[in-house]
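Welcome, and please have your viewer ready. Let us take a friendly walk through one model, with a look at the ligand, the annotated positions and some helices.

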Amino acid sequence: MPRPILATVHPEALRHNLNQARVRAPDARVWAVVKANAYGHGIERCFDALRSADGFALLDLAEAERLRALDWRGPILLLEGVFEPRDLELCSRLHLWHAVHCIEQIDWLAAHKTQVPHRVFLKLNSGMNRLGFTPTAFRAAWARLNALPQVEEISLMTHFSDADGPRGIAHQVAVFEQATADLPGERTLCNSAALLRHASTPLRGDGVTTLAGDWVREGIALYGCAPDYPENTAAGWDLQPTMTLASRLIGVQQLQPGDTVGYGSAFAAEAPMRVGVVACGYADGYPRHAPTGTPVLVAGVRTRVLGRVSMDMLAVDLSPLDAAGVPAEVGTEVVLWGRSASGAVLAADEVAASAGTIAYELLCAVAPRVPFSPPP
Ligand SMILES: *Cc1c(COP(=O)(O)O)cnc(C)c1O
């Protein structure tokens, strides 16, 4: 028998979450953001459930090739555009739409020989100061692109730094509206947080156009996590977990008061208790910084991690199961995040918050040694 750890992708949850985007932005088209191998789920494993999306957005050219290999003929957007001039050949050949965020990318396009003019998404730096043209440089970039025979259509794009938090998006929306006023082209502004929290905010003050614009770029919400946890939860947004990381107990220890668990003796029992040892550690992608108290489901019962996470194992408190008379022994199911066979759910958001990170990182970090169901 292989080591009993397994990650499971839930296609019906992906479908449900994608549909939630349609409900929240009924007039926009939806990019399913599948960068980082579909947030760790595997592009091939998610493809069928997401094929009703209007397009796929990612940034790795090899991942774009994998989508075309799945026979996806619809839009694919490279969120960071091309990294070197010869990438443009692949864009021409595979009909990839690409962001243009810097002068160099315009120079490369101007020198690119192609029969097929490209659709580009001109990116405005509206305040995040990561990628994009400053508001003062934006119009000149647009005019230059517009004059290129290599360019068929220019869409307008920006990205928010605080859609999930108290600072919000108003300051960036104002910059976007001013920089793009009177420019034609489709608009895309929203990531998951902006989609969930701000999609119906009016844009350009005309009361008709909303922030959802022509395209929303949905990532983490598609994968069933709340971008603004803990202010809101995935269940509160009516999102379902799309990945379960599950394993089993491979050992049980009876502790007496004063007995400790694991490296550094980071946990000490105060009363007699049983501890379960789980076949999952940081070499599987479970966060090593998850402290005592991090939630976990054992046989569908919510309990807590104890002591330090090791490379291949972690320990869990079996007291709640023993108190409830739920059997826990070698072989009992443990859910690190996702859905238990009992139907109980543990949000990756909760585990991430306990470990001082975000669900994005947990989903992307599931290690190559963890087998997936279904297989690729
Ligand atoms: C990753 C990414 C998204 C999706 O972000 P989520 O927070 O996962 O919804 C949207 N737009 C851009 C430019 C991105 O890089």
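Predicted model: local features only at pLDDT ≥ 70, side-chain atom pairs only at ≥ 80, totals over all residues.

Residues are numbered from 1 along each chain as its sequence is written, and side-chain values use heavy atoms, with hydrogens and water left out.

**Ligand surroundings**

The residues around the ligand are Val-33, Lys-35, Tyr-39, Leu-79, His-159, Asn-191, Ser-192, Arg-217, Gly-219, Ile-220 and Tyr-360; a residue is near a molecule if one of its heavy atoms lies within 4 Å of it. The table lists polar contacts, meaning pairs of N or O atoms within 3.5 Å.

| Residue and its atom | Ligand atom | Distance |
|---|---|---|
| His-159, polar side-chain atom | nitrogen | 3.5 Å |
| Ile-220, backbone N or O atom | oxygen | 2.8 Å |
| Tyr-360, side-chain N or O atom | oxygen | 2.6 Å |

**Annotated positions**

Under "binding site", an unreviewed UniProt entry lists Arg-130 and Met-311; such annotations may be inferred rather than shown by experiment. These positions span 182 residues in sequence and the farthest two C-alpha atoms are 34.5 Å apart, so they do not all gather at one spot. From this set, Arg-130 belongs to the lining of the second largest cavity. A cavity here is a set of points, on a 1 Å grid over the protein atoms alone, where a 1.4 Å probe fits but cannot get out, and lining residues have an atom within 4 Å of a point.

Arg-130 sits in the loop between strand S6 (118-124) and helix H7 (135-146); helices (H or I, at least four residues) and strands (E, at least two) are DSSP runs numbered from the N terminus. Its relative accessibility is 58%, so Arg-130 counts as exposed. The cut-offs are under 20% relative accessible area for buried, over 50% for exposed and partly exposed in between, with a 1.4 Å probe and protein chains only.

Met-311 lies in the loop between strand S15 (301-306) and strand S16 (314-317) and, at 42%, is partly exposed. Leaving aside residues up to four places away in sequence, Met-311 touches Gly-281, Tyr-282, Ala-283, Asp-284 and Arg-369, where contact means heavy atoms within 4.5 Å.

Helix H3 (residues 43-50) is mostly covered, with six of its eight residues buried. Among them are Ile-43, Cys-46 and Phe-47.

In helix H6 (residues 103-110), Gln-105, Ile-106 and Leu-109 are buried. Viewed down the axis, the buried residues of H6 fall within an arc of 100°, so they line one face of the helix. The arc is taken from the directions from the helix axis to the C-beta atoms. Packing partners of these buried H6 residues include helix H5 (87-94) and strand S7 (151-158).

Notes:
1 Å grid on protein atoms, 1.4 Å probe; cavity = no way out; pocket = protein on both sides within 12 Å on 5 of 7 lines; lining within 4 Å. Polar contact = N/O pair within 3.5 Å; in protein donor to acceptor, adjacent residues only side chain to side chain.
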